[in-house]
Every structure is written in C-alpha cells, then in structure tokens.
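Hi there,

Here is the structure I promised to pass on.

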Amino acid sequence: MNGKALAKKARTIGTVVLVVYAVTVATNLGEFWPFSIYPMFSQGGNNWSRSLVREFPEDDSTSWEVVGLADVPGAPFSVKKMGVDPIDLANFVSKTTIWDSVRVAALRNMFFGSETPLYQIVIYRVRGELTEDHEVLVEATPYVLLSPKGDQVNPEVQQ
Amino acid sequence: MRQAPNWNLMDNLFEFDRAESSGQIIFRKIFESFIVLGTMYLAWTWGQYTLRISDIVLPLGLARYVDISFMHGNTLPLWNAGLISVLVLLGWARLGRWPYAIAFVLLIIQYAARFTLGEIPHSSNLVGMGLLGFACGQLFYPDETSRSRFGLGFTYFFLGLAYTSAAISKLVASGITWPDGRHLWMWINEKAVDEIARSGFVELNFVQELALSSLLIATLFLAFGLIAELFSWLVWFRRTRMWVMLAILGLHVGIWLTMDILFILSVYELIILAFPWDEWIDKMLERRRRA
C-alpha cells in the first residue's frame with residue numbers, strides 16, 4: 001500500500017469517527033466519552049452550586065439556616081479523607097431533586113459504605129452568584145445531616 | 001535551495017510517505033506505552049471509585065441507553081479493570097488485532113459506571129482518543145509502521161479538534177465577552193469551595209490573589225486561554241505543532257494556578273506530543289554512531 005492509499009484510508013476512518021463523534025455528542029448534550037466536547041467553563045458569569053461538609057459534636061442541635069461562607073458552623077471536614085471526590089458530592093447534592101430514603105442512603109454509602117457513620121456531619125450546598133455590584137456572593141445551605149444516630153434532611157429541601 | 005513548507009493535512013498528521021527512522025519507531029512506541037499505562041490507570045481508578053456508588057444520580061453517555069446499575073454493588077468494576085489491563089498489554093505486544101478495540105469498549109462501560117453522579121470530567125478524553133486511534137490502526141492497517149503512524153496522527157487530529165471546539169463552545173455560550181475577568185473571579189470562588197470540601201481549608205495562592213485584585217489581569221488570563229484554544233487546530237501541522245502545544249501547556253498551567261484543576265494525564269500527553277522527540281532521538285543516535 002502506498003502513502004496515498006494509506007492517507008485515503010485514514011481520511012475514510014477519520015470521517016466515520018467524526019460522524020460517530022457528531023451523532024453521539026449531539027444526542028448526549030456534548031457528553032459521550034471519549035467524544036465529549038470540552039464545554040468546561042463555557043458559560044461565563046453563571047451562578048454555580050458546590051458542596052462542603054462540616055463536622056459537629058454528636059448530639060449537637062442542627063440548625064438549617066442559610067449562612068455566608070465565612071460563617072458556616074462546625075469543624076472543617078475533608079471529604080478526601082473519606083475517599084470522596086468533591087465534584088461528585090457537589091453534583092450529587094445539586095442534581096438530587098427528591099431526597100428520599102434511597103438517595104440519603106446512597107449519600108451515606110458514599111461516605112461510610114455499609115458502616116454506621118463515624119462522625120456527625122452536615123452536607124451543605126454552597127451557591128455562588130455575581131451581584132449587581134460585580135461582587136461574588138457565596139451562601140451555604142445545610143442539606144443533609146448524617147450521624148451515628150440517624151440521618152436528617154433539611155425540611156425545606158425535602159419539600 | 002530551501003524546501004517550501006508542506007501544509008498538506010494528511011502528510012502532516014500521518015506522514016505515511018516519510019522515510020522510517022529509529023527515532024520515529026522509538027517515539028511512537030513511547031507514546032503508545034503512555035496510552036496503555038494511562039488506560040490502565042483510568043480503568044483501575046474508576047473501578048475502585050465505582051465500588052462506593054450505589055445509586056445513579058444522572059446517567060450520562062452510554063448509561064442513557066444501557067442500565068449501568070449492573071456495575072454497582074459488586075466487584076465487576078475491578079474485574080473489568082483487570083480485563084482492560086490484560087487487553088491493552090496484549091495490544092501493546094501485538095498479540096492480536098482486536099485487544100485495543102475491545103479494551104476501548106470496556107473502558108466506555110467503566111467510565112459510564114463511574115460517572116453517574118451528575119458530571120463528567122474531560123481529563124481522560126485525550127487518552128481515550130489515543131486508545132481509539134491505536135485500536136483503529138490495528139484493525140484497519142496492514143503493517144506495523146502504518147498502524148502506529150495512524151494512531152499518532154489520529155491523536156493529533158482529535159487533540160486539535162477538542163481544544164478548538166472548547167473555544168467555540170465558549171464563544172457560542174457566552175459570546176465575545178467570555179474573557180471578562182469577573183467570570184474568573186466566580187470560578188476562583190467556586191474552586192475554592194471545592195478545595196474546602198476536599199481538604200477542609202483553602203488558602204488562595206499568589207496568582208489567584210493577583211487575579212482577584214485586578215479585573216484587567218483576570219481578563220488577560222482568560223483572553224490568553226481562549227486564544228490558545230482557538231488556535232489549537234494548528235497542532236495538525238508539524239511546523240506549528242510545538243509552539244501551539246506549548247501554548248496549550250501554558251493554558252493548563254494557568255488553569256492549575258488559578259483554579260487548582262490539573263489534568264495531569266493531558267499534561268503528560270501534551271509534553272510527549274509537543275516536541276520533535278523523533279528528530280532529537282535520531283540526532284542522538286547519529287552522534288553516538290559517529291563517536
């Protein structure tokens with residue numbers, strides 16, 4: 001096979017792959033590994049939603065108040081030490097619309113597997129937005145409490 | 001007389017007519033080895049993490065068509081990782097034409113099982129496309145040289161396409177004002193929350209402080225990133241490849257410093273692909289021969 005024939009074959013394979021690429025990303029909102037486009041950070045200035053976790057002493061009463069990022073109560077808690085990816089956690093929290101017992105159990109499983117929780121922790125949803133004064137406003141809402149004694153969901157979130 | 005530069009796309013990507021040299025053979029095998037190791041790393045990393053997933057929050061990609069829950073609640077992800085590893089090693093050793101292709105399909109399943117929690121990362125695209133390139137090379141080309149040349153050229157093409165399409169996504173979604181430095185302020189805060197979640201604390205670095213203190217500097221950071229992505233298709237041509245790859249590497253360093261996101265596999269792959277290692281290896285071998 002000479003160079004021209006090899007190049008012609010490459011063009012054919014490349015075209016077929018490009019068609020598969022176009023079809024899969026078009027029907028999957030741009031996401032079909034490994035054909036995904038790179039839409040990361042394409043929407044500048046949009047509000048965002050992430051998560052963080054704080055640890056509380058057992059039997060501490062739970063407050064479901066929305067607070068600023070600097071005022072989040074409790075002690076720092078690293079999700080990495082539990083083997084959890086913070087981006088997974090953020091998506092788990094922001095994309096869950098119904099907090100039923102199965103979903104809460106899946107969250108507990110993410111942190112503690114099938115074991116009883118070792119700590120009392122609260123998972124916060126953190127939202128960021130650009131204000132009219134061009135400042136970044138960040139607020140945290142407690143969503144779910146996981147503790148050795150049981151789980152609770154913020155009543156407002158559960159509705 | 002100086003030879004006019006060749007801007008033929010197929011020649012630049014695949015170099016099927018170029019005389020084979022030891023440097024090219026060594027370089028392509030190094031790159032293929034990286035793809036094999038990268039694939040194994042992804043298969044095992046995703047496999048281990050999938051063990052802790054028990055509910056699908058959002059099915060993505062393949063999982064939209066196939067109920068991927070059969071991969072959850074058991075050790076199948078680890079068996080799949082083992083199988084993928086064996087297959088890519090068979091492909092690397094040229095024991096059969098199908099191992100890479102089968103490994104590619106199994107890796108898509110592994111990926112769909114891992115990323116069912118709402119968002120997918122893009123850090124593994126380049127390795128995935130490299131694996132697909134070598135799989136197609138093995139399946140459709142008759143000899144070792146053309147197979148591996150196809151795998152490499154295919155990777156260059158889709159690498160350039162991926163980054164350029166990223167720039168186009170930004171311009172479509174946000175328009176020409178995408179590099180507005182306030183957008184970077186939002187992302188720095190967003191990633192700071194991720195860091196608090198990850199480690200419990202966050203301390204902004206010098207570059208982040210600089211960007212947050214000056215709208216102009218933040219805007220320049222984003223403008224550089226957008227331009228680097230927009231011209232990434234120039235990696236298709238040998239003459240411009242190294243400079244554009246260095247710009248993309250600069251983009252990744254910038255993303256790392258400002259947003260603490262490091263696509264480590266992509267960075268390694270860019271370092272391997274950016275430089276004319278084949279020519280350097282040939283020169284080194286020639287020097288050793290003469291000595």
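Helices (H or I, at least four residues) and strands (E, at least two) are taken as DSSP runs, numbered from the N terminus. On that basis, chain B has twelve helices and zero strands.

Before going on, some bookkeeping. This is a predicted model, in which local features need pLDDT of at least 70 and side-chain atom pairs count only at pLDDT 80 or more, while totals for chains, interfaces and linings use all residues. Residues are numbered from 1 along each chain as its sequence is written, and chains are lettered from A and ligands numbered from 1 in the order in which they are written.

On overall dimensions, the C-alpha trace of chain B spans about 55 × 55 × 40 Å along its principal axes. Buried residues (20 or more other C-beta atoms within 10 Å of their own, with exposed meaning 12 or fewer, partly exposed in between, and C-beta atoms placed from the backbone) make up 45% of the 291 residues in chain B.

Now the domains, whose bounds come from an automatic or database domain assignment. Chain B is divided into domain 1 (24-140) and domain 2 (163-291), and their C-alpha centres lie 25 Å apart. Eleven residues from domain 1 and nine from domain 2 of chain B take part in the contact, where two residues count if their C-beta atoms, placed from the backbone, lie within 7 Å. On the domain 1 side, helix H2 (22-50) and helix H5 (125-140) of chain B each supply at least two residues, and H2(B) gives the largest share, seven residues.

Best wishes
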